[in-house]
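Please keep the sequence and the model side by side while reading.

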Amino acid sequence: MYNLEHILYIVISLLIVGLLLFGASFIKNQTWKNVFLLFWAFACFFFHISTMYVSFFQNGTGIGNAYDNQLFPIYFCNYMMYLLVIASLWHNKESRFYKIFATFVAYGGVFGALITLFVTPPKIAEWGSFQSALSHSCLLIGSLWLFVGGYVKISVYNLIPYTLGLVSCAIVGGIVELVFYLGGRPSPNAMYMFNGPAELPEFKWWMFVICMLAIIFIFTAIWEYFTRKKENRWYKSTSDINWYFASKKEKTNDNTKIN
């Protein structure tokens with residue numbers, strides 16, 4: 001799995017992501033923050049579907065040579081890609097529902113991108129493989145930007161919207177399975193409902209769920225420990241739950257800093 005090419009790609013990708021986000025963190029204008037998010041969301045989508053265009057110009061097949069996960073949100077990271085595009089286009093990014101939506105996309109996109117980055121070795125000489133790596137790197141940048149750009153407030157209570165988002169994954173996976181069944185196609189193992197990925201076949205969907213929720217809890221608990229006074233932490237205050245349902249005006253008057 002971890003050959004020299006894979007290790008170099010991981011190191012270079014993480015360095016580029018870090019440098020880009022560090023530089024972008026100095027953007028203060030909200031319009032340009034939104035533009036930055038929009039760019040990486042669509043870059044992720046473009047790289048994801050790019051093989052169809054490459055195929056068209058090489059042999060004229062185009063969409064007829066598309067992968068199943070380019071036509072349907074079969075994998076978790078596919079789903080996150082589409083949601084990131086929606087998050088970037090969302091007009092009112094101060095709305096109650098957007099806060100919940102963006103929280104799920106932020107964590108889910110990071111998980112989906114990092115799992116692929118570390119588990120699936122890219123073949124740089126083959127565009128079909130390299131475009132997937134590039135797409136996931138863009139997903140990582142866009143998802144992290146939801147944190148860095150201030151769209152998401154880091155809190156232990158992020159577990160609530162993330163859990164709701166996982167329920168939506170199960171629904172989407174079920175719909176995709178139904179569509180394939182009605183179309184006479186074999187099961188695509190949508191959202192890894194039946195088997196783990198080829199690289200980790202023993203890893204079932206519920207194992208992913210437990211690991212992701214555990215990581216979010218540990219990360220956010222540590223974050224709150226170092227960034228908040230004791231009386232403002234999750235086990236002392238429920239103000240973060242109220243943040244998800246506060247209006248723009250109430251949020252502006254809120255003394256709790258968005259991390």
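Glutamate 224 counts as buried because its relative accessibility is 0%, where buried means under 20% relative accessible area, exposed over 50% and partly exposed in between (1.4 Å probe, protein chains only). The model is a predicted one, in which local features need pLDDT of at least 70 and side-chain atom pairs count only at pLDDT 80 or more, while totals for chains, interfaces and linings use all residues. Residues are numbered from 1 along each chain as its sequence is written, and side-chain values use heavy atoms, with hydrogens and water left out.

Side chains of opposite charge can pair when their charged atoms come close. Glutamate 224 forms a salt bridge with arginine 228, with 3.8 Å between the closest N and O atoms; the term stands for a side-chain nitrogen of Lys or Arg within 4 Å of a carboxyl oxygen of Asp or Glu. Arginine 228 is itself counted as buried, because its relative accessibility is 10%. The side chain of arginine 228 also meets that of aspartate 240 in a salt bridge, at 2.6 Å from N to O. Arginine 228 lies in the loop between helix 8 (205-227) and helix 9, whereas aspartate 240 is in helix 9, so the pair ties together parts that are 12 residues apart in sequence. Helices here are DSSP runs (H or I, at least four residues), numbered from the N terminus.

Aspartate 240 has a further partner in lysine 153, and the closest N and O atoms of this salt bridge are 2.8 Å apart. This pair links distant parts of the chain, 87 residues apart, since lysine 153 sits in the loop between helix 6 (127-148) and helix 7 (159-182) and aspartate 240 in helix 9 (residues 239-244). Both lysine 153 and aspartate 240 are buried. The count of salt bridges comes to three, and Lys153, Glu224, Arg228 and Asp240 are linked by them in a network.

What does helix 6 hold besides? Glutamine 131 has its place in helix 6 and is buried, with a relative accessible area of 4%. Leaving aside residues up to four places away in sequence, glutamine 131 touches Phe47, His48, Ser50 and Thr51, contact meaning heavy atoms within 4.5 Å.

Serine 143 lies in helix 6 as well, and this residue is buried with a relative accessible area of 0%. The side chain of serine 143 reaches the backbone oxygen of leucine 139 at 2.8 Å. Among the residues that serine 143 touches, not counting those up to four places away in sequence, are Leu84, Val105 and Gly109.

Notes: Helices (H or I, at least four residues) and strands (E, at least two) are DSSP runs, numbered from the N terminus. A polar contact is a pair of N or O atoms within 3.5 Å; within protein, one must be able to donate a hydrogen and the other to accept it, and residues adjacent in sequence count only if both atoms are side-chain atoms.
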